[in-house]
Amino acid sequence: MSQRFAVILAAGKGTRMKSNLYKVLHPVCGKPMIKHILDQIAPIGFDRIVTIVSEGAEAVKAELGDRVAYAIQAEQLGTAHATLQAAAHLEGLQGTTVVLYGDTPLITGETVSRLLQHHEESSAVCTVLTAIASNPKGYGRIIRNSNGQVIDIVEEKDATAEQKAITEINTGIYCFDNVKLFDVLKRVDNDNAQKEYYLPSAFTLLREMGEKVSAYQADVFEDTLGVNDRVALAQAEAIMQKRINEALMMSGVTIKDPQTTYIDADVKIGRDTVVLPGSILSGRTEIGEGCTIGPNSEISNTKVGNYTTIRHSVVSDSEIGSEVQIGPFSHIRPQTAIGDRAKVGNFVEVKKSTIGEGSKASHLSYVGDAEIGKDVNLGCGMITVNYDGKYKYLTKVEDGAFIGCNVNLIAPVTVGKEAIVAAGSTITEDVEADSLAIARARQTNKAHYANRYNHKKK
Ligand code: UD1
Ligand code: CA
């Protein structure tokens, strides 16, 4: 088999996005557009992938690393000029080159494979992937002759009213004979409305030179949506979200209302987990089997075990065990680890802490910078006093300890194994294992005082 190369154009300024973020790095379902493309084409096994970026595109390099080779397009003179920048990597090599635009995040590896197959079977030197668009505005139009052969690709800005009525569009994905590609690119001119060197002109030129050119029409326009502005970005997001949700449902996840469930591209969810409306699962989140997530839970970069419930809560950058109950209305902040069968309940905030197996913080607590052992009970309203205004300190509560309601644990402090802290205590010194700590003023009852007070009121 001859070699296969890919060139991804990503040097455009993305002016229409009106953004400080590099266009192809805009995320769709949590993943930069260009990464979607790379992940999709990875199984095809290209021998070389060259990404064309503009000068100062360090952010792109930081995101993609050495997955691809880079070529710099110093000035954005058009898509043909951009492709030509790959010459240093590819010129003269025998093989087939697929050119893709970095702003078409919905393209599937399957479509690219089918295009390649069509191209190789038809022995054309250039094959353009086309699609039928219900609203073709902004795309290059495919011009066919009376025999149905594609003879030209005309940009919206250069098109006549008659050509604008054509609904078959250029998707911006092509296969080229690599040697001929770099020959013809040097002959493309910029004699058009935008004074740009158009890559579609390479197709037309090759045809005029008597080379065999071909077109392959994709069955889904959706796949080839080009994201030029934020309206299209939202469209891409909606289509991608539908795909992600449907793939999860097909793999055994129940999504009660896919319309209001937002799951990032790389999130993993095990079978028989139920995701309820209003849930947002993002980043590198991994959820096990048989869990109930939501309603209205936001979980990012978090690993969750099996049979865990997370209702009406926010969880980020943490690890949650199996058969854990979280919420309603819990906030689990980064670097927290919650053990199996633990419970974090109503209005409890946990930050940078570990909570051991079977431990409970059921109501109204703040657990920050703490190591809570196994089978610990943190009473309602228990607070770790972890911050003196300058530094943060560690609180330790060892296995089996019982902390009563409304206790302040003033860190650094340790409550030993199976110790008990009486309700309302403010603990400033370590409590030894198996002891009872009470740190509160004794109660005095003043007889008839209430009477006097009530009398004054009248
Ligand atoms: C382009 C096509 C159009 C097609 C549409 C599909 C051309 C001239 N037009 O239009 O026929 O229907 O895509 O989405 O090719 N880029 C560079 N350097 C440049 C210019 C662009 O790297 O100098 C990159 C951009 O980053 C982008 C891609 O090429 O990823 C396409 O450029 P864009 O300006 O978005 O072209 P369209 O107007 O969408
Ligand atoms: Ca575009």
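Before I start, one definition: a residue is called buried when its relative accessible area is under 20%. That cut-off comes up several times. The other thing to keep in mind is that this is a predicted model.

Let me begin with Ser279. Its relative accessible area is 0%, so Ser279 counts as buried. Ser279 sits in the loop between strand E15 (274-275) and strand E16 (280-282). What does the side chain of Ser279 reach at 3.0 Å? It is the backbone oxygen of Leu276. There is also a contact to Ser297: its backbone nitrogen is 3.5 Å from a polar atom of the Ser279 side chain.

Strand E15 brings me to the sheet. Eleven strands make up an open sheet, and their pairing is parallel. If you want to follow it on the structure, the order is E12-E15-E18-E21-E24-E27-E30-E33-E36-E39-E41. Which strands stand at the edges? They are E12 (254-255) and E41 (436-437). Each of these has a single partner strand, so one side of each has no neighbour in the sheet.

As an example from inside that order, take E24 and E27. Strand E24, residues 325-326, runs parallel to strand E27, residues 343-346, and two bridges join them. Ile326 has Val344 in E27 as its bridge partner.

Staying with the sheet strands, Phe402 is in strand E36, residues 402-403. With a relative accessible area of 42%, Phe402 is partly exposed. Together with Ile420, Leu436 and Ile438, Phe402 makes a nonpolar surface patch of about 390 Å².

There is also an antiparallel pair to show you. Strand E8, residues 141-144, pairs with strand E9, residues 150-154, in the antiparallel sense, over four bridges. Arg141 is opposite Val154 in E9. The two strands form a hairpin with five residues between them. In the turn, Gly148 has a positive phi of about 85°.

Next, the calcium ion, which is ligand 2. Which residues coordinate it? Asp103, through OD, and Asn228, through OD1, at 2.3 to 2.4 Å. Asp103 is in the loop between strand E6 (96-101) and helix H5 (109-122), while Asn228 is in the loop between strand E11 (213-217) and helix H9 (230-250), so the pair ties together parts that are 125 residues apart in sequence. Is Asp103 buried or exposed? Asp103 has a relative accessible area of 13%, so it is buried.

Now to the loop between helix H7 (178-185) and helix H8 (200-208), where Asn192 lies. Asn192 is buried, at a relative accessible area of 11%. A polar atom of the Asn192 side chain lies 2.6 Å from the backbone oxygen of Glu196. The side chains of Asn192 and Tyr198 are joined by a polar contact of 3.5 Å.

The loop between H7 and H8 also holds Lys195. In contrast to the buried Asn192, Lys195 is exposed, with a relative accessible area of 52%. Moving on into H8, the buried residues include Pro200, Phe203 and Leu206. Just after H8 comes Gly210, with a positive phi of about 90°.

That leads to the backbone. As background, most residues other than glycine have a negative phi, and most peptide bonds are trans. Lys195 is not a glycine, yet it has a positive phi of about 50°. Gln335 is not a glycine either, and its phi is positive at about 60°. Where is Gln335 found? In the loop between strand E25 (330-332) and strand E26 (337-338). Gln335 is exposed, with a relative accessible area of 55%.

Last, the cis peptide bonds. One joins Gly294 and Pro295, with omega about 5°. Pro295 is placed in the loop between strand E18 (292-293) and strand E19 (298-300). Another cis bond runs from Ala411 to Pro412, with omega near 0°. Pro412 has its place in the loop between strand E37 (408-410) and strand E38 (413-415).

To go back over two points: the open sheet has 11 strands with parallel pairing, and the calcium ion is coordinated by Asp103 and Asn228. That is where I will stop.

Note on methods: Residues numbered from 1 in each chain as written. Chains lettered and ligands numbered in written order. Predicted model: local features only at pLDDT ≥ 70, side-chain atom pairs only at ≥ 80, totals over all residues. Heavy atoms only, no water. Donors = N, O, S within 2.8 Å, 3.2 Å for Na, K, Ca; no water. Buried < 20%, exposed > 50% of the residue type's maximum accessible area, 1.4 Å probe, protein only. Pairing = 2+ DSSP bridges. Patch = residues over 30% accessible without salt bridge, like charges linked within 9 Å, V, L, I, M, F, W, Y side chains within 5 Å. Areas by Shrake-Rupley, 256 points an atom, 1.4 Å probe, with all protein chains shown as cover. Salt bridge = Lys/Arg side-chain N within 4 Å of Asp/Glu carboxyl O. Polar contact = N/O pair within 3.5 Å; in protein donor to acceptor, adjacent residues only side chain to side chain.
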